[in-house]
Amino acid sequence: MGTLIAGIGTSHVPSIGGAHDRGKQATPAWRPLFDAYVPVREWLRELKPDVAIMVYNDHGADFFFDKYPTFAVGAADSYAIADEGFGTRPFPAIRGDLEFSQHLCESLVYDEFDITVCQEMRVEHGFLVPMHLCFDHDDSWPVASVPIAVNVLQHPLPTARRCLRLGQAIRRAVEAYPKDIKVVILGTGGMSHQLTGKHFGEMNEAWDRDFLERIESDPDSLAALTHQEFMERFGAEGIELIMWLVMRGAMSPGASRVHRNYYAPMTTGMGLITLEDRP
């Protein structure tokens with residue numbers, strides 16, 4: 001059967017992608033961020049996952065407010081890289097696993113999640129930044145990918161509890177898959193940031209660090225928070241953190257932390273946590 005071996009919670013700040021593409025990884029402003037992912041890539045090389053499920057939100061590159069699904073799941077052999085206004089980024093093609101994706105979609109629907117099944121998806125920085133931070137790449141990626149886009153932009157949004165339960169349903173789907181594959185799931189976005197209004201640029205490091213503690217040890221307390229409580233603590237755009245709960249729901253309650261990092265250099269708290277399910 002399929003096995004969920006690891007979970008990663010990580011920010012997907014677009015400026016990380018710009019710093020990567022311009023070769024700024026070793027500059028004083030960016031080195032603390034990029035160095036934190038070196039052990040993550042080493043860890044993933046040792047685990048050798050076959051599939052990476054990427055839980056992210058589309059920022060208007062593939063979906064827009066006229067048609068914005070609550071949960072959209074990719075079911076394709078490959079996924080195009082979106083142009084977010086600066087040209088497509090120079091990455092290898094995103095390889096899918098159509099058979100596993102079809103199984104996942106069917107399992108989620110039968111588990112009473114009304115998903116949007118996408119035979120074509122263009123992935124943007126919400127997907128790409130975690131991908132190049134966590135996985136080695138040259139002419140290809142070491143894993144196949146399944147994109148799962150979550151609506152955290154246009155109300156009504158899914159609740160934090162619903163995201164946690166989606167993760168639990170994903171775990172059931174993986175474990176019901178008849179082939180012997182190893183799966184890692186990434187929940188992306190956040191951390192605290194406010195990009196509009198009089199509180200523009202505000203971050204809350206204390207709440208960010210509290211979230212990193214509780215996503216590991218007490219995710220139910222985070223799932224109980226309302227949208228308003230998330231936004232009061234983490235800013236309007238900090239609502240992206242509910243996507244980390246999809247990842248946490250997919251991991252066992254006793255999953256152990258391997259690595260954690262926090263860095264807040266500008267307008268966004270940038271967090272990272274890795275969890276491993278050990279037999």
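**Close-up 1. Surroundings of threonine 274 in the predicted model.** Setting aside neighbours within four places in sequence, threonine 274 is in contact with Gly7, Ile8, Val40, Trp43, Ser256, Arg257, Val258 and His259, in a structure that is a predicted model. Threonine 274 itself belongs to strand β11, which covers residues 270-276. The relative accessible area of threonine 274 is 0%, and therefore this residue is classed as buried, the cut-off for that class being under 20%.

**Close-up 2. Cysteine 118 and the sulfur of cysteine 105.** The structure holds 0 disulfides, and cysteine 118 accordingly takes part in none, the nearest cysteine sulfur being that of cysteine 105 at 8.3 Å. A disulfide would require the two sulfur atoms to lie within 2.5 Å. With a relative accessible area of 7%, cysteine 118 is buried.

**Close-up 3. Cysteine 134 and the sulfur of cysteine 163.** Among the cysteines of this structure, which holds 0 disulfides, cysteine 134 is likewise in no disulfide, and the nearest cysteine sulfur, which belongs to cysteine 163, is 19 Å away. Cysteine 134 has a relative accessibility of 1% and so counts as buried.

**Close-up 4. Helix α10 and its covered residues.** Helix α10, made up of residues 242-250, is mostly covered, with 9 of its 9 residues buried. The buried residues in α10 are Ile242, Met243, Trp244, Leu245, Val246, Met247, Arg248, Gly249 and Ala250. For reading such a view, an α-helix has 3.6 residues a turn, so residues three or four places apart point the same way.

Technical notes: Residues are numbered from 1 along each chain as its sequence is written. This is a predicted model: local features need pLDDT of at least 70, side-chain atom pairs count only at pLDDT 80 or more; totals for chains, interfaces and linings use all residues. Side-chain values use heavy atoms; hydrogens and water are left out. Helices (H or I, at least four residues) and strands (E, at least two) are DSSP runs, numbered from the N terminus. Buried means under 20% relative accessible area, exposed over 50%, partly exposed in between (1.4 Å probe, protein chains only). Contact means heavy atoms within 4.5 Å.
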